[in-house]
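Morning, everyone. I'll take the chains one by one, then the contact, then a pair of helices.

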Amino acid sequence: MTTTLEAPTVHTRLTDPPPKPRRFRKQLTRAVHASAAVVLFVLLWELVPRFVLDEGTRTFLPPLSEDLQALWDLALDGELADHLLASVGRSAAGFAIAVAVAVPLGLLIGWYRPVARFLQPLLELARNTAALALLPVFTLLLGIGELSKVSLVVYACVWPVLLNTIAGVNTVDPLLVKAARSLGLSSPRLFRKVILPSAVPTVFTGIRMAASYSILVLVAAEMVGAKAGLGYLINTSQVNFQIQQMYAGIIAVSVLGVLVNSGFVVLERRFSTWRPKEKP
Amino acid sequence: MIGIRSVTKTFGALTALDDVSLDIADGTFLSLVGPSGSGKSTLLDLLGGLTTPTSGEILIDGEPVRGPGLDRGVVFQQYALFPWRTARTNVEFGLEGGPLGKRQRAERAREYLALVGLSGFEDRYPHELSGGMKQRVAIARSLAYDPAVLLMDEPFAALDAQTREQLQEELLRIWRRTGKTIVFITHGIDEAVYLGQQVAVLTSRPGRLKAVVDVDLGDRTGDVRSGPEFGRQRHRLWELLHDEVRKAAEHERSAAR
């Protein structure tokens, strides 16, 4: 009887890179391709106000370089840092509270299916109620101070985390549960060793979405009754007709949003190394 | 020894298994064949303790089965590996919560991965492994905690023919080396004959035990599949199954109407 084992062949060659120069050129083409739209947008923003728009419109849509100059000035005199800190502080607080509440709650709801079925319609309704639509309610109930702003962020952040956590627990591959049960795992151990790790990537997607929302919602909230913050900066600049400064605030907000999101994307990837890599 | 005593299992109006009795001696390799819907997987779930019989009982060494346990290992067709664990930590899964320390578990896992021919692949994640390699990991995982019985539910059905043949050969080698009792579900007659010392045939729905056939192919060296004895055994089983498969197909047709 022949029982010699042939070493199993690996089908994908993970370690075999294509020849170097070709790879470099490919990466370069990809980089150009990926940034082309943004570069084009930046050019339009700079050139159209300069050469196409009439004087009156240009006042409201100044060339990008002037806005960036305003941003630079704000950064130099420390004003930008103040606003940034105020905003990030509120976002982070609301986001942290939301995650701390929604993850355990979602695990609990997801684990008890009847509870999930019972609550799902209500959760859908709440999630689809735009947080900003509730801003007046929050203001009425909690005043115009920090509490109402942070509460609004909490509200906006809770839903994506909660719903994704529930989905993460509910969509665990039943075969994995069966395999674990066949090993005689008790329910608590099944939860800890199978449900939880299997739900992590889905939960983390919810957390990343929440991080984005925390900034999106906050900026709007800061336009009402705040004394600092990027939303406040944008709003007062507009009221005081400091148009460049207004755009500076907007740019700051969007850069902050992109940074936060990409930071979380990196984290997310770290938490789900076991997932097959998506083809870029 | 496994004793299946007048086991009936119904799901609502559907009778999956009807009064099945079968004894499986220690160390036996038993193939279980039957048309689709004959309750093969149900019988395996019952043996694994994942469900309970509607009537009758299942004894293992005289003790009735009261749920899953580490005295039986189950290998599924779709591997059921935990995708967030590497090959090694997948194999360790059944050892966790047991008496072994962390280092001993890793050692044991390495040992069993070597047994299934996967030395050097310890740190691969399942998505980095081929189907055959995944099933090897799953087999290693079930063997690692040293169950007396290995329950296998069409474990090679999703593999290509060549890989399947290779794994069949290795399974026989592992069986001889470890002396486990193996209950192996398949819908392939060739596979059933090649692997099993005994082949149990179930009827089409409701699943009843139609026959238990002893297969004697010596020590199965070389290309036994093309020998005359293999052909004879194969044909006998084919005749037993043929009617049942036809009945099952008719049943499905009338159900679809």
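Predicted model: local features only at pLDDT ≥ 70, side-chain atom pairs only at ≥ 80, totals over all residues.

Residues are numbered from 1 along each chain as its sequence is written, while chains are lettered from A and ligands numbered from 1 in the order in which they are written.

Chain B, then. For its 257 residues a compact globule would have a radius of gyration near 18 Å, and chain B has 19 Å, which agrees. The C-alpha trace spans about 55 × 45 × 40 Å along the principal axes. Chain B has seven helices and 10 strands; these are DSSP runs, H or I of at least four residues for helices and E of at least two for strands, numbered from the N terminus. In chain B, 45% of the residues count as buried. Buried means 20 or more other C-beta atoms within 10 Å of the residue's own, exposed means 12 or fewer, partly exposed is in between, and C-beta atoms are placed from the backbone. Take contacts in chain B between residues at least 6 apart in sequence: 70% join residues at least 24 apart. A contact here means C-beta atoms, placed from the backbone, within 7 Å.

Now two loop residues. Ala80(B) is not a glycine, yet its phi is positive, about 55°. Ala80(B) sits in the loop between strand 6 (72-75) and helix 2 (87-92) of chain B. With 23 other C-beta atoms within 10 Å, Ala80(B) is buried. Asp146(B) also has a positive phi, near 60°. Its loop runs between helix 4 and strand 7 (149-153) of chain B. Asp146(B) counts as partly exposed, with 15 C-beta neighbours inside 10 Å.

On to chain A. How many helices and strands does chain A have? The tally is 11 helices and zero strands. The radius of gyration of chain A is 25 Å, well over the 19 Å that the globule rule gives for 280 residues, so chain A is more spread out than a compact globule. Its C-alpha atoms fill a box of roughly 90 × 60 × 30 Å along the principal axes. Buried residues make up 31% of chain A. Val52(A) belongs to helix 1 (residues 20-52) of chain A. Val52(A) counts as exposed, with 10 C-beta neighbours inside 10 Å. From Val52(A) to Ala179(A), 127 residues along the chain, the C-alpha atoms are separated by 67 Å.

Next, where the chains meet. The contact takes 27 residues from chain B and 18 residues from chain A. On the chain B side, the elements giving two or more residues are helix 4 (131-144) and helix 5 (161-178).

Last, those two helices against each other. The axes of helix 4 and helix 5 of chain B come within 11 Å and cross at roughly 15°. That makes the two helices roughly parallel, the class for angles under 35 degrees.

Technical notes
Rg over C-alpha atoms; globule rule 2.2 N^0.38 Å. Contact = placed C-beta atoms within 7 Å. Axes fitted to C-alpha atoms, helices over the stretch in contact; angles between N-to-C directions. Parallel < 35°, antiparallel > 145°, perpendicular 65-115°, else oblique.
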